[in-house]
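User: I'm new to this structure and would like to learn how to read it. Can you walk me through some features, giving the general idea before each case?

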Amino acid sequence: MIKLNNPTAKLSDGALEFMSVDFFRTHSREVYGNWVFYPWNRSLVHVLPKEDFVKVRTIRNRYKITEEEQQAMSERKIGVVGLSVGQSVATCLAMERSFGELRIADFDTLELANMNRIRTSVTNLGLPKTQIVTREIAEIDPYLKVTVFNEGLTDENMSQFFSEGGRLDLFIEECDSLEMKIKSRIKAKALGIPVLMDTSDRGMIDIERFDLDSRRPIFHGMLSKFGEEEALPSVIEKYRSEMMMSILDFDNLSPSAKLSIGEIGKTITTWPQLASSVIMGGAMAAYFSRQILSGHIKESGRVYVDLDGFFNSVS
C-alpha cells in the first residue's frame, strides 16, 4: 500500500520498513484492517481494510481496465449456472474483480472424473461444487459477495436467481440441462439480460444481447423450427437430440467433438471436456463479460477462438 501511494519514489527496503513502522505509530496493528477466518482450513488472515485491499489487489489491472470501468463493475451482478466450465469463469471474474455480486448455481458435487478440468484438490471430493467455488473466491477476495444456489437453477428459484436483491446485469449459462438452457434464456430475454455461453469446443463463445434487442429469438433462432419459444420445453423429450445438435451447430463442431457425440452411451457417458479448453473458455467468458458490461461489445453472435484451426492453417 505504501508503494502504491508513492508510485514515483524508488523506495529501498529500509525506507519501506521505516514508513511501515511510522504508519503503525498512529494505527493499531491489531485493530487496523480486518481479520478473516477460514474455517475449512483453520486459517486466520489479517487483511487491509476493504477500500485499501481492493485498491492494492487491483493495481495491476489499472489502464488495462480503467478506474471508471473497475468502479462500474464493482456494482454489477453476474449469474453463473453450471460450475464445471463455470468454476473457471467465476474464479477469473473474481480475480479481475468484475462484479459486486456473483450468483452461482449448481446441484452437483465434485467427482474424481470432474478433475480433468476443474482445478481443485482431491480433499474436496464429495463437496458441493458451489461450496468449492465459494471458498476459492473467499480466499482470493473476502470482500466479494457470492450468493449460492446449492439446488441449482430450478423453476422454483429462477425468479429469485435473476431478480432478488436486484436484477442480474449478465447471465452466464454453462449447465448441462437442455430444459434449463432454454428456460433460463426465455427468462433472461423477458428481463432484458444479456447471456453468455462457452461450449469448450473450438473456443466458441455465444453472445445474446437481449438487453439491446428484446425481440431476438433465443439461440439466434436455431430452435425456431421446433416451435414457439414458450412451447419449446414441452417438446424437448420428442426432439432432444435434434435440438442439441441445432444449438451446438453440428457442422461447425471440431472433428473430435463430432466423434465424441457418436460415442455417448457406448464408450463414454457424457460430453468430454479438456482442462485447456475449459480454462481458456473461462478466461474468454470473463473477457467478454467485461467488454459487455463496459459497453465495448454490443453485438450478438458466436465468436470462435479456434487454436486447432489456427495451427492447422499455419502448417
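Predicted model: local features only at pLDDT ≥ 70, side-chain atom pairs only at ≥ 80, totals over all residues.

User: Good. Which residues of α5 meet α6?

Analyst: On the α5 side they are Gln87, Ala90, Thr91, Ala94 and Met95, and they meet Val133, Glu136, Ile137 and Ile140 in α6.

User: How do I describe the way two helices pack?

Analyst: The general idea is to give the angle between their axes and the distance between the axes. Here, α5 and helix α6 (residues 129-140) pack at about 15°, and their axes are 10 Å apart. Angles under 35 degrees count as roughly parallel, so α5 is roughly parallel to α6. As for handedness, α5 passes α6 in a right-handed crossing.

User: At what angle do α5 and α11 pack?

Analyst: Helix α5 (residues 85-96) and helix α11 (residues 275-293) pack at an angle of about 50°, with 8 Å between their axes. That's why α5 and α11 are called oblique to each other. This crossing of α5 past α11 is right-handed. On α5, the residues that meet α11 are Val85, Ser88, Val89, Cys92, Leu93 and Glu96. Their partners in α11 include Gly282, Ala283, Ala286 and Arg290.

User: I see Cys92 in that list. Is Cys92 buried or exposed?

Analyst: Buried means under 20% relative accessible area. Cys92 has 17% relative accessibility, so Cys92 counts as buried. Cys175 counts as buried too, because its relative accessibility is 12%.

User: And how many disulfides are there?

Analyst: A disulfide is a covalent bond between the sulfur atoms of two cysteines. In a model, we look for a pair of cysteine sulfur atoms within 2.5 Å. By this rule, the count is 0 disulfides.

User: Where is Arg103, and what does its side chain lie by?

Analyst: Look in strand β4 (residues 101-105) for Arg103. A polar atom of the Arg103 side chain lies 2.7 Å from the backbone oxygen of Phe161.

User: Can we zoom out to the whole chain?

Analyst: The secondary structure comes to 12 helices and 9 strands. The C-alpha trace spans about 75 × 50 × 40 Å along its principal axes. Of the 315 residues, 43% count as buried. Finally, take the contacts in the chain with a separation of 6 or more: residues 24 or more positions apart account for 61% of them.

Conventions
Residues numbered from 1 in each chain as written. Heavy atoms only, no water. Buried < 20%, exposed > 50% of the residue type's maximum accessible area, 1.4 Å probe, protein only. Helix = DSSP H or I, 4+ residues; strand = E, 2+ residues; numbered from the N terminus. Polar contact = N/O pair within 3.5 Å; in protein donor to acceptor, adjacent residues only side chain to side chain. Axes fitted to C-alpha atoms, helices over the stretch in contact; angles between N-to-C directions. Parallel < 35°, antiparallel > 145°, perpendicular 65-115°, else oblique. Left-handed = near helix turned anticlockwise from the far one by under 90°. Contact = heavy atoms within 4.5 Å.
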